Amino acid sequence: MTQITNTNHELAKQLRESRLSKTIQHFIGGQWVDSQSGATFDTHSPVDNTFLAKIASGDAHDIDRAAKAAHDAFQTWREVGGQERKKILHRVADLIEKRSQEIAVLESTDTGQAIRFMKSAATRGAENFRFFADLAPSAADGQSLPTTGFLNYTMRQPIGPVGVITPWNTPFMLSTWKIAPALAAGCTVVHKPAEWSPVSATLLAEIMDEAGLPGGVHNLVHGFGESAGKSLTEHPLIKAVAFVGETTTGSHIMRQGADTLKRVHFELGGKNPVVVFDDADLDKALDAVVFMIYSLNGERCTSSSRVLIQEGIYDEFTRRIAERASHIRVGDPLDPETEIGPLVHPRHFEKVMSYFDKAREEGATIAAGGERVGETGNFVRPTLFTQARNDMRIAQEEIFGPVLTAIPFKDEADALHLANDVAYGLAGYLWTNDLTRAHRFAQGLEAGMIWVNSENVRHLPTPFGGVKNSGIGRDGGDYSFEFYMETKNIAISLGTHKTAKLGVKKE
Ligand code: NAD
């Protein structure tokens with residue numbers, strides 16, 4: 001692969017020499033600190049798997065320190081007025097915007113995601129903070145529920161210190177999506193980012209500190225899932241855990257949090273169908289299908305990784321997908337022309353590559369890709385499997401790479417059966433120009449989010465989340481506050497009701 005030097009490379013070089021040359025620490029109680037044990041781990045560049053940075057590796061001691069700091073800070077943060085929280089969170093958004101280039105380059109360097117998508121991910125991070133900043137003053141609002149003799153009113157109060165555990169695919173943006181509503185609600189946070197892409201979380205902590213967030217309100221502990229992550233989910237001072245990651249990890253967290261009765265919110269895996277009927281605008285559908293599986297390296301929970309295509313158009317439509325896939329530019333993630341960068345980690349690369357053999361063994365055809373690109377790094381060619389059946393592993397399992405499985409269907413009933421015949425239920429995409437079918441099909445599809453004649457376009461007040469093995473709970477808009485806050489009912493007697501008298505001596 002040819003190396004083109006551009007401003008992104010210059011910035012990446014500077015960041016490697018400055019920020020990444022020192023051990024990346026935890027941020028606890030407003031201080032940058034090493035692990036109590038002194039332990040560290042290394043993170044590597046997905047481009048060539050060479051050393052990128054040394055990271056403090058947290059364990060139960062560091063989590064305990066962070067949980068206590070979050071607990072102490074909660075007593076004051078919960079009393080800070082909504083207007084003041086709004087101001088601080090807007091300042092966070094301003095600083096994210098100001099440093100968006102640095103965030104994008106760092107994220108690209110650590111995750112392998114193409115810079116063209118990481119720039120918009122940084123901007124989305126700022127939007128998340130702005131959106132929840134504006135809602136902070138009304139987060140506690142409740143209902144008035146009067147009845148005879150009583151005035152009932154509800155209010156919401158922050159649940160307490162919360163744990164936020166995030167995955168490696170688009171870590172900066174996903175962290176803001178969880179942390180911004182928690183802070184707007186009045187909760188304090190202990191964040192445990194993924195060990196495969198930990199560096200941008202440090203930038204977020206720095207930005208929040210600079211924006212004036214009091215010490216202890218946001219804490220960051222790096223480390224592995226089975227140590228730092230597990231301790232966070234078990235800690236008695238942590239009242240809720242917002243988790244984004246794999247379905248099996250979600251099950252572990254539910255078990256780990258059982259003794260302390262953790263409230264959990266899970267955003268898990270997906271094997272999302274995109275259903276293309278023969279009456280659809282096929283040019284637009286093609287753009288959306290290609291975008292939703294091959295953007296973000298296919299490392300995206302809402303990727304449309306199964307395309308169900310009506311029989312009559314199957315051959316031509318898959319031919320067009322294969323043609324597009326073969327022209328996708330795979331390469332250096334810092335090159336603005338690159339469309340797919342390297343996968344995050346050699347272990348993930350091996351997992352994705354293993355599905356090429358599985359596809360062959362199961363009798364599917366590899367119509368595009370199905371091989372690595374280059375001899376070093378974690379680069380995979382965008383792949384299309386055709387002649388696939390829905391019961392094959394390539395149609396049932398989340399591959400989480402730039403790999404699409406195409407399955408033909410006969411009619412609407414067949415399409416709905418295939419779309420729902422999977423353990424997951426995060427998102428579904430539907431392409432048809434038949435209005436009544438669109439509504440009927442969307443209502444029958446087992447998924448938390450459905451887009452009709454569109455790729456995933458987010459509107460922040462709408463509920464985000466999945467059904468079946470794809471998750472528990474929703475966030476977005478007010479749905480996020482339902483998770484981070486407790487609803488309290490206060491009943492006030494107007495003094496007119498009669499209270500039953502017990503133990504009164506009979507005359
Ligand atoms: P993962 O489950 O392996 O790890 C996610 C986080 O959990 C990491 O920080 C990890 O350290 C931590 N963890 C692991 N074991 C733990 C334990 N026992 N206790 C506590 N924490 C633990 O997921 P990943 O491989 O980092 O991310 C990819 C997955 O994330 C995919 O399945 C993808 O679909 C999912 N994802 C879902 C959404 C969504 O919104 N539904 C969004 C992005 C990613």
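1. Leu 494 is classed as exposed because its relative accessibility is 56%; buried means under 20% relative accessible area, exposed over 50%, and partly exposed in between (1.4 Å probe, protein chains only). This residue lies in the segment that follows strand 21 (485–493). Together with Leu 151, Tyr 153 and Ile 492, Leu 494 makes a nonpolar surface patch of about 340 Å². Patches consist of residues with over 30% relative accessible area and no salt bridge, nonpolar side chains (Val, Leu, Ile, Met, Phe, Trp, Tyr) being joined within 5 Å and like charges within 9 Å; accessible areas come from the Shrake-Rupley method with a 1.4 Å probe, and for residues only the protein chains shown count as cover.

2. This is a predicted model, in which local features need pLDDT of at least 70 and side-chain atom pairs count only at pLDDT 80 or more, while totals for chains, interfaces and linings use all residues. Residues are numbered from 1 along each chain as its sequence is written, and side-chain values use heavy atoms, with hydrogens and water left out.

3. Thr 202 is placed in helix 7 (residues 199–210); helices (H or I, at least four residues) and strands (E, at least two) are DSSP runs numbered from the N terminus. Thr 202 counts as buried because its relative accessibility is 6%. Leaving aside residues up to four places away in sequence, Thr 202 touches Arg 19, Ile 24, Trp 32, Leu 220 and His 222, contact meaning heavy atoms within 4.5 Å.

4. The count of salt bridges comes to 33, each being a side-chain nitrogen of Lys or Arg within 4 Å of a carboxyl oxygen of Asp or Glu. One of them joins Lys 86 and Asp 134 (3.9 Å, N to O). This pair links distant parts of the chain, with Lys 86 in helix 3 (residues 82–98) and Asp 134 in helix 5 (residues 115–135), 48 residues apart. Lys 86 is partly exposed at 26% relative accessibility, as is Asp 134 at 42%.

5. A further salt bridge is formed by Asp 357 and Arg 360, whose closest N and O atoms are 2.9 Å apart. The two residues are separated by about one helical turn, because they are three residues apart in helix 12. Asp 357 is partly exposed, with a relative accessible area of 43%, and Arg 360 is partly exposed at 45%.

6. A network of salt bridges links Arg 19, Arg 99, Glu 102, Glu 206 and Glu 210.
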